[in-house]
Structure formats: C-alpha cells, structure tokens
Amino acid sequence: MKELRFSLRLCVYAGERNGEFGPGIASLLIGVEESGSLLKAAEGMGMAYSKAWKSLKKVEENPASP
C-alpha cells in the first residue's frame, strides 16, 4: 500500500489580491519569530531585507476584512 501524503496551500486575500498573505509571508514571519530579526529571516530565505520589509508593509496596509 502506498503512503498517502497531504499538502495544503492557503492564501488569504483582502480585496483585489493586494497584500497577499501566503506561504512566503508565513515563512518570513516564522523566520522572524525564530531569529528575532527581520534581517536574519530574510537572509535565511535568500531574500533582500528591503523586499522582506516591503512585503510585510504591504500585508499590514491591506488587512483582511471580517
């Protein structure tokens, strides 16, 4: 019998997909929590600090509506 595996990708959108909260942002936030630093989290993902900061800022400016 083959081993079954499950994978789920969840993206939350507010309005017209501006400020997406998907796997990339989630990974970045986990990295920030683990390292205590946005710079270290971005470096760990191979992402420029400025891109990481802009991505988080975009999500903050477009919160999901209830």
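Me: What makes I25, L28, L38, A41, A42, M47, A52, L56 and V59 a nonpolar core?

Reply: A nonpolar core requires buried residues of nonpolar kinds joined through side-chain atoms within 4.5 Å. These 9 residues form the largest such core. The elements that give two or more residues to this core are α1 (23-35), α2 (38-44) and α3 (49-61). M47 touches A42 and A52, leaving aside residues up to four places away in sequence.

Me: How do you know that the buried residues of α3 line one face of the helix?

Reply: Buried means under 20% relative accessible area, and in α3 this applies to A52, L56 and V59. Seen down the axis of α3, they fall within an arc of 60 degrees, so they line one face. On the other side of α3, K51, K54 and E61 are exposed, that is, over 50%.

Me: What puts the buried residues of α1 on the same side of that helix?

Reply: The buried residues of α1 are I25, L28 and G31. They cover an arc of only 120 degrees around the axis, which places them on the same side of α1. E33 and E34, on the other side of α1, are exposed.

Me: Where in the protein is confidence lowest, and where is it highest?

Reply: On a pLDDT scale from 0 to 100, strand β2 (residues 18-21) is lowest, at a mean of 60, and α2 is highest, at 96. The mean pLDDT of the protein is 82, and 77% of its residues reach 70 or more. Where pLDDT is low, predicted coordinates should not be read in detail.

Terms used:
Residues are numbered from 1 along each chain as its sequence is written. This is a predicted model: local features need pLDDT of at least 70, side-chain atom pairs count only at pLDDT 80 or more; totals for chains, interfaces and linings use all residues. Side-chain values use heavy atoms; hydrogens and water are left out. Buried means under 20% relative accessible area, exposed over 50%, partly exposed in between (1.4 Å probe, protein chains only). Helices (H or I, at least four residues) and strands (E, at least two) are DSSP runs, numbered from the N terminus. Contact means heavy atoms within 4.5 Å. The arc is that of the directions from the helix axis to the C-beta atoms. pLDDT is the predictor's confidence in each residue, from 0 to 100.
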